[in-house]
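Here is a short briefing to read alongside the model. Take a look at the structure, and then we can walk through its strands, domains and interface together.

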Amino acid sequence: MKTLFVLQRQPLREQEWLLDIFTAEQGRLSVVAGRSQPQPDLHQRYQGDWARAEDWPQLRGLRSLQTYSLRGANLYCGLYLAELLVRLLPRYEAQPELFLTYVRTLEGLQHPGLPDPWLRLFEYQLLQTLGYGFSWQQDREGRPVNASEFYRFIAREGFVRSDASVAPALRQPLFSGEYLLELGQGRAQRPQCWAAAKQVLRCALEDLLERPLISRELFQPGR
Amino acid sequence: MQLPAQYRQLIECFDALPGIGPRAAARMAQHVLEHDSGERLQQAILTARKTLQHCCCCRTYSDLSICPLCTDDERSTLHLLVVSGVEDQFRWEEAGYRGGYFVLHGLLSPVAGIGPRQLHLPDLKQRVETLVSAAESSSAENLLVQVVLESSVEADATGQFIEDMLAGFACRVQLLTPGQLAVDLQRARSFSAADHVPAGADK
């Protein structure tokens, strides 16, 4: 039996579901679940196993182990995580660390506090997994980040020390070395640090996405 | 051996349908080529695509730009039921609901590429805005918007988004399960049987 999460489900034929699932051992894959089993849903940790079948592997013995109850904006955050995984994760590649991070992130999002730290840690781990990781504490040449300097971020490369007077002409945001070091050392408390992390990680992820994320629209219901 | 391009294209089209895998797509392609039902299917798809459209008001399927339900003056304009599909609309109509509808044709599912725009939620917002203005100008009671969806994470997100989107409007928004609405309608029917008050599930 393996532990799994459902990322997407769609009805298949009369009595089945086609599921996109996320596991530690095989990463993301598609399986078929019969409707006699408990109705599979997102934000639940399941136990189950699958075997080769005609079109897709057949899921058997599905059992819910834990439901993650996400409320308010955190419900949208859960959909954002699933969209990131479906859009970016290759199929059939073991992802033990990212799987663990996903579990921790869902656990964290159950609490009513600000979701930012959980989301940023997940995004950072996802980039590491995909091979586009970077260090908060080093620039792209491997030199230590200096707290008194400013940096701009280049996707797939990393941080580049930048003159604060030149950067506005480049129309790129500048990040204080102080904030980057706080993020890298795991002692980020100030909202400015998390705002910087959000900008940097968004830039890194958008570079990998062919089109904008749909889940971002959920955070602007007034529009 | 290379199969004809037209045959491969037909399989690809079936394979692209939700819930159809490549093997089932190949079986379907063979079936429509070998049987008369293929001709009927072709004609039904062409006719439906040519004649049907979304009602500009409730977005149900209609052969008119505005469907008969939305032009029915007898229906309550103080009740709006938001449902995920036309089969739900049919169900609640059969159960005696006599307010307005808005059919989403799905649920929010970013992984499937379905966001607020794909569900035409800005149109729902505009519809509510119009109904609220009409209710205010006639000094009637507040509009009641009931979002009735089966329970799931995507349904919860859809209901919550609609609730957030309508937060600034002078209307009440209720998120209900189908079971709750069924009980509501049953109760409304027992009250309204004698005096013809539209069963719009007032609480």
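Predicted model: local features only at pLDDT ≥ 70, side-chain atom pairs only at ≥ 80, totals over all residues.

**Strands around S1(A)**

- S1(A), residues 2-12, and strand S2 (residues 16-23) of chain A run antiparallel to one another, and eight bridges hold this pairing.
- Three residues sit between the strands of this hairpin, and among the residues of the hairpin Arg13(A) adopts a positive phi near 45°.
- S1(A) also pairs with strand S4 (residues 44-51) of chain A, again in the antiparallel sense, here over four bridges.

**The three-stranded sheet of chain A**

- Further along chain A there is an open sheet of three strands, ordered S7-S6-S8, with antiparallel pairing.
- Its edges are strand S7 (158-161) and strand S8 (175-176), each of which pairs on one side only.
- Strand S6 (residues 150-154) is joined to S8(A) by two bridges, and these strands run antiparallel.
- Phe150(A) has Ser176(A) in S8(A) as its bridge partner.

**Layout of the chains**

- Chain A holds six helices and eight strands.
- Read from the N terminus, its elements follow the order β-β-β-β-β-α-α-α-β-β-α-β-α-α.
- The C-alpha trace of chain A spans about 65 × 35 × 30 Å along its principal axes.
- Two domains are assigned in chain A, domain 1 (2-67) and domain 2 (150-206), and their C-alpha centres are separated by 39 Å.
- Chain B is likewise split into domain 1 (5-51) and domain 2 (68-195), with 35 Å between the C-alpha centres of the two.

**Where chain A meets chain B**

- How many residues does each chain bring to the contact? Chain A brings 30 residues and chain B brings 29 residues.
- In general, the size of an interface is often expressed as the accessible area lost when the parts come together.
- Between chain B and chain A the buried area is about 2,300 Å², and carbon and sulfur atoms account for 58% of that.
- On the chain B side, Pro110(B), Val111(B) and Val153(B) lose the most area to chain A, together 28% of what that side buries.

**Polar and charged links across the interface**

- Which residues form the salt bridge between the chains? The side chains of Glu217(A) and Arg117(B) do, at 2.6 Å from N to O.
- The count of salt bridges between chain B and chain A is one.
- Six residue pairs are found in polar contact across the interface, with both residues at pLDDT 80 or more.
- Helix H2 (22-34) and helix H6 (153-165) of chain B each supply at least two residues of the side that touches chain A.
- H6(B) gives the largest share of that side, eight residues.
- Sorted by class, the side of chain B that touches chain A has 14 nonpolar, eight polar and seven charged residues.

Technical notes. Residues numbered from 1 in each chain as written. Chains lettered and ligands numbered in written order. Heavy atoms only, no water. Contact = heavy atoms within 4.5 Å. Buried area = accessible area lost by both parts, 1.4 Å probe. Salt bridge = Lys/Arg side-chain N within 4 Å of Asp/Glu carboxyl O. Polar contact = N/O pair within 3.5 Å; in protein donor to acceptor, adjacent residues only side chain to side chain. Nonpolar A, V, L, I, M, F, W, Y, C, P; charged D, E, K, R; others polar. Domains from an automatic or database assignment. Pairing = 2+ DSSP bridges.
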